[in-house]
Amino acid sequence: MGSKTQDAINVCLATGDFHGARKSYNEALMLIQNFQSFSAPEISEVVASNMLREVHHLRLTSFLNLSQCELKMDDFSSAIDSARNALELDPGNCKALYRRGVAQLRQGKLEEAKADLLKALSQRERQSIDSKPNTLQYR
């Protein structure tokens, strides 16, 4: 996202304007979608691959942040949809699982919420274990 867009979103979030932040995230997602269909045969395969990776990351973070805004707005159906979109991009994403689980819980969908929240916890524990250095010491 451009720095102006990110600055506008940050102002919205800092002031509790989640409607404004949601609008900005949706606009960013539309721009990203338009960029994905852009074709420039003159750029190298490496540059194109890097650009696509960055677009993927921007879409993922936008959907995650959008889901958080929608949770803050008590728009649980939309929060579930945004988290689902994030999970389509990254199926084991802890934040997406957690946010979808919270939204489902708030909607009274207890079994679905439990499944997502347990999966989020499992993923979080796995990430925590993977990020710890090997602590075995040999004598």
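Which residue forms a salt bridge with arginine 84, and how far apart are the closest N and O atoms? The partner is aspartate 81, with the closest N and O atoms 3.4 Å apart; a salt bridge here is a side-chain nitrogen of Lys or Arg within 4 Å of a carboxyl oxygen of Asp or Glu. This is a predicted model, in which local features need pLDDT of at least 70 and side-chain atom pairs count only at pLDDT 80 or more, while totals for chains, interfaces and linings use all residues. Residues are numbered from 1 along each chain as its sequence is written, and side-chain values use heavy atoms, leaving out hydrogens and water.

Arginine 84 and aspartate 81 lie three residues apart in helix 4, so about one helical turn separates them; helices are DSSP runs (H or I, at least four residues) numbered from the N terminus. Arginine 84 is partly exposed, with a relative accessible area of 34% (buried means under 20%, exposed over 50%, partly exposed in between, with a 1.4 Å probe and protein chains only). Arginine 84 also meets glutamate 88 in a salt bridge (3.3 Å, N to O), and glutamate 88 is exposed at 56% relative accessibility.

Across the whole structure, a search finds seven salt bridges. One of them joins aspartate 74 to arginine 106, with the closest N and O atoms 3.8 Å apart. This pair links distant parts of the chain, 32 residues apart: aspartate 74 sits in the loop between helix 3 and helix 4 (76-89), and arginine 106 in helix 5. Aspartate 74 is partly exposed at 45% relative accessibility, whereas arginine 106, at 52%, counts as exposed.

Notes
Helices (H or I, at least four residues) and strands (E, at least two) are DSSP runs, numbered from the N terminus.
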